[in-house]
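Subject: A structure for you to look at

Hello,

Here is the structure I promised to pass on. Please open it alongside this note, and read on below for what turned up.

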Amino acid sequence: MSIEPLSWGRGSTGSALADPVTFAGPDEHQKWSLPARSADLGHIRAALTDADSLGVVITGARGVGKSSLARTAVMELGSEVFTLQLRNTLAGSKTPYGCLAFLLARLPQAAMGSPTAILQGITSLIRNDAGGRECVITLDSTASLDDMSAGVLLNILLTRTARIIAIAPNISDLPADFHWLLTERRLTEVRLENLNELQTKQVLLSLLGHRVSSSLVSTFHSIVGGNPMLLKALVAEQQLAGNLILSDSVWTLRDKVVLDGGTGLDDIVRSRWMRETPETRAVIEMLSCARTVSLARLTGVFGTDIIADMEDAGLLSVARSDNRWVTLREQYLGDVVRSWLSVARRRELRTKLLGDREPDVSHMTLEELIGFAAWTHECEAELRPPVALAAAEAANQLFDPRFALTCAGSLKKSDDEWVAGQRQKAASCLLLDLPLQAMAALDDITPAQLQELADLDFAEVVAAKCDVMVWLPEHKSKVPELLGQARERLGVKRGTRLSWPDPLAAAANRISLSEFEYHAFTGNFANIVQDLEEAADPQLNNDLWFRMQSAIILMEALSTMGREMDALQLMRMLGGQLSDAGHIVGLREKFSIRAFTVLLQAGRWRQCLDLVNPPRSQDARGLAFRTSASELSTGLAYVYSGRGAIALESLLSSVAQLELRPVMNTLQAAYAATAFAYAQIGDAGQARKYLEKLRTSRGECTFAIRTVTNFCADMAGRWLGDGDATNRLLASAREDIVEGRFTLAGISLLGATVNGSEDDLRLLETVAGHRQGPMAEMSRLIAVGTRTKNAKVLLAGGELAASMELDVVEARCVALAVDFARMAGDSTSARTAQARLDHLSSTVSSLPIVPSSGSPLLTARERQIARLAGRGTSNRDIAQEMGVSVRTVEGHLYQVFTKLGVTSRGDLPGLV
């Protein structure tokens with residue numbers, strides 16, 4: 001039996017006087033956040049079961065889930081524990097015995113004569129109600145506990161009548177007696193912090209019931225700061241707004257989050273708003289509009305004391321930059337408050353802060369620049385053209401193309417920045433997968449305007465056109481012609497070296513880089529690798545921008561053409577130089593994209609995962625485009641390593657996002673990789689589903705994406721038994737050989753030669769001779785070992801595959817080695833290969849090759865018995881430990897010896 005005041009429910013305004021009711025555990029609306037609190041629940045459980053403990057104090061900020069966690073802990077105790085739930089009256093510490101009032105009403109008149117009599121009477125009453133069972137008291141609002149109640153509860157604890165679960169914001173809010181118990185370690189504090197991003201994901205999974213995309217997790221976590229109560233309100237609001245949708249069994253966002261005063265968050269913010277002073281509200285209004293303000297300017301308007309008090313209270317965050325930018329610590333607060341303000345109020349605040357001046361945008365970060373532009377736009381004021389252009393460029397860099405279009409669209413044709421603004425429009429349209437609109441934006445630039453441009457500005461427009469034309473089949477072949485015309489306009493021939501820093505040299509370099517990018521887009525690396533090496537040579541090229549951009553393309557070219565080790569060396573060198581070239585817009589992004597390709601082709605899939613980190617930004621809501629690419633990259637790394645089951649988590653999330661927000665036709669690669677992942681785990685139905693989706697998708701894509709798409713699709717088909725898939729892999733390899741792309745040819749041949757012909761294996765060996773690094777050597781060993789049926793060579797290839805954690809390739813090697821070793825009578829190699837194949841069965845769901853000898857892998861029970869026997873454990877002891885008969889152990893060992901080709905226990909160590 002348990003006792004709970006009826007006033008416990010949310011929104012109750014009554015006193016604690018109530019009849020006892022049965023405690024039924026947490027409501028459904030409280031359970032959803034518990035998966036992220038399992039460790040905290042474990043600490044509470046330990047404190048309540050420790051013989052020396054009097055209970056636990058749960059502390060934490062409002063909304064972190066203190067009460068629901070306490071209820072869950074009590075519910076876990078079961079019916080054998082008597083539970084009593086107490087809550088203070090609204091009057092708090094002003095009412096004696098406030099939380100015990102309903103127990104006080106049950107005492108006889110004789111027990112009301114003195115505080116001591118009341119103390120003894122309530123203690124006795126609880127003991128009688130418990131009926132000999134253990135008792136746990138849950139006390140909410142401990143911070144407002146009156147002295148008389150505190151004294152009674154202290155007696156109840158010290159007399160071991162009950163243990164307690166007390167709830168308070170901080171331990172400093174507790175009565176003095178509770179402080180003493182904490183100091184003496186008789187009470188344990190469990191501090192609840194806001195959720196981290198992983199916990200936020202766990203909570204969303206619990207609340208929504210399906211997979212959740214990475215962009216959804218990072219966006220929601222950024223907005224609410226990990227507060228569970230706010231998180232649930234945000235989920236409800238975005239579902240109601242139709243922005244949170246279920247796409248192919250994955251929850252994701254249709255667009256970026258806009259908080260416009262929805263009921264859930266609005267109620268929470270209004271409740272908090274009413275507790276703040278007018279001065280604090282004014283600062284919050286200012287920062288909700290401005291997003292970021294320098295500390296000097298903010299204190300100049302509101303004074304030092306109010307800003308210092310707000311920082312101490314955790315309302316503000318001050319960056320450690322030169323300008324000491326100040327922001328609201330909790331983003332949702334500014335978003336909701338901003339939705340309350342009229343345009344007139346926003347203008348009033350802007351005038352109050354800026355007067356007739358504007359901040360120096362040259363010292364702003366990208367996020368700060370976008371925030372200032374957004375504020376100006378919300379005030380229905382005009383951005384100065386240089387600021388509008390800078391904001392558009394910043395928005396494109398942070399993958400917020402729609403806001404970039406808003407900023408660039410504010411420019412007038414008469415503005416000097418208009419042509420540059422059209423380039424930003426084109427870049428935004430490409431991010432939105434709208435190449436026709438991108439071309440239209442550039443075509444709006446008239447020949448007369450082009451003629452008036454300086455050489456470098458003209459070259460930038462030409463480069464922007466080339467960037468768009470490659471995405472349009474009817475225009476892609478015209479790119480070389482356009483570049484030739486641009487060189488004629490500049491009066492510079494291809495390959496001409498100009499003195500640096502002549503502006504004409506910068507323009508010529510921009511045209512040359514566009515040519516390199518075009519050939520990289522089409523996969524024609526052989527024709528540009530020499531020019532790239534010259535452009536990347538600091539002895540021959542003083543233009544840092546051109547040199548770094550060229551070196552990044554060279555990195556991919558070397559990797560694709562079989563020079564994997566040279567590419568890795570160049571990648572490491574460039575990685576060390578990025579900080580010196582930090583002023584070059586978009587350089588790190590381009591490096592990461594091509595470095596991922598280099599690492600993947602070299603078999604360094606673990607390093608691929610290290611390279612692909614989720615974006616961290618003050619405004620994560622504008623990064624959905626980048627997040628989908630990050631998840632696709634993560635999935636590709638796993639699927640290339642043969643870990644299809646792990647890859648699916650990221651790939652399905654990527655597909656859900658890309659179907660809503662296409663990004664440069666990478667959806668094709670996502671479909672193909674997802675099909676490959678499903679094929680790896682033996683789910684033919686789902687694999688065919690995504691191959692069918694791939695067949696219905698169309699559009700241009702980069703050579704790297706097209707290569708990945710075709711390889712994954714053909715490998716999925718080969719895994720599903722499609723004979724044509726093998727032929728496509730062989731045809732692709734032969735085409736790559738002609739074009740000098742030996743790395744890609746080797747990868748295709750590695751997939752095509754599972755059960756391949758001798759000619760195909762010889763071709764794989766030949767191609768391996770044109771490559772560098774462990775992937776090349778592994779391919780050579782597989783080709784030679786398979787062709788000559790040499791188990792030892794295949795085991796060496798398996799060792800190389802194992803060193804790179806390529807489990808499926810290792811399984812292929814050792815499966816063949818099992819057969820070839822048995823055919824040759826090499827029992828040692830056969831045992832070694834079979835043991836390694838047995839070990840791989842736990843990580844490789846569907847083997848690429850099954851030994852033709854038909855020798856099955858060890859079962860889990862056989863493996864367990866074999867391990868014990870290999871350690872010298874007797875059959876009788878094994879039987880006793882496993883709870884089976886000795887005869888059963890003997891039968892299993894017979895199967896183990898037969899499968900592994902051994903005759904004694906001494907052969908088992910190292911094999912299982």
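**What was found**

T376 counts as buried because its relative accessibility is 0% (buried is under 20% relative accessible area, exposed over 50%, and partly exposed in between, with a 1.4 Å probe and protein chains only). Before going further, please note that this is a predicted model, in which local features need pLDDT of at least 70, side-chain atom pairs count only at pLDDT 80 or more, and totals for chains, interfaces and linings use all residues. Residues are numbered from 1 along each chain as its sequence is written, and side-chain values use heavy atoms, with hydrogens and water left out.

**Around T376**

T376 belongs to helix α17, residues 366-378 (helices are DSSP runs of H or I with at least four residues, strands are runs of E with at least two, and both are numbered from the N terminus). Setting aside neighbours within four places in sequence, T376 has R350, A381, E382 and L383 in contact (heavy atoms within 4.5 Å).

Helix α16, residues 343-354, packs against α17 at about 130°, and their axes are 9 Å apart (axes are lines fitted to C-alpha atoms, for helices over the stretch in contact, and angles between N-to-C directions run from 0 to 180 degrees). The two helices, α16 and α17, are therefore oblique to each other (under 35 degrees is roughly parallel, over 145 roughly antiparallel, 65 to 115 roughly perpendicular, and the rest oblique). On the α16 side the contact involves V343, R346, L349, R350, L353 and L354, and on the α17 side F372, W375, T376 and E378.

**A three-stranded sheet**

Elsewhere, three strands make an open sheet with mixed pairing, in the order β7-β9-β8 (two strands pair if DSSP finds at least two bridges between them). β7 (211-212) and β8 (244-247) are at the edges with a single partner strand each, so one side of each has no neighbour in the sheet. Four bridges join β8 and β9 (residues 250-253) in the antiparallel sense, and S247 is opposite V250 in β9.

Helix α9 (residues 214-224) lies across β7, β8 and β9, at about 55° to β9. Helix α33 (residues 644-660) also packs on the sheet and touches β7, β8 and β9, its direction making about 45° with that of β9.

P35 sits in the loop between α1 (28-31) and α2 (38-49), and counts as partly exposed because its relative accessibility is 37%. The C-alpha atoms of P35 and V203 are 6.4 Å apart, although 168 residues separate them along the chain.

Enjoy exploring!
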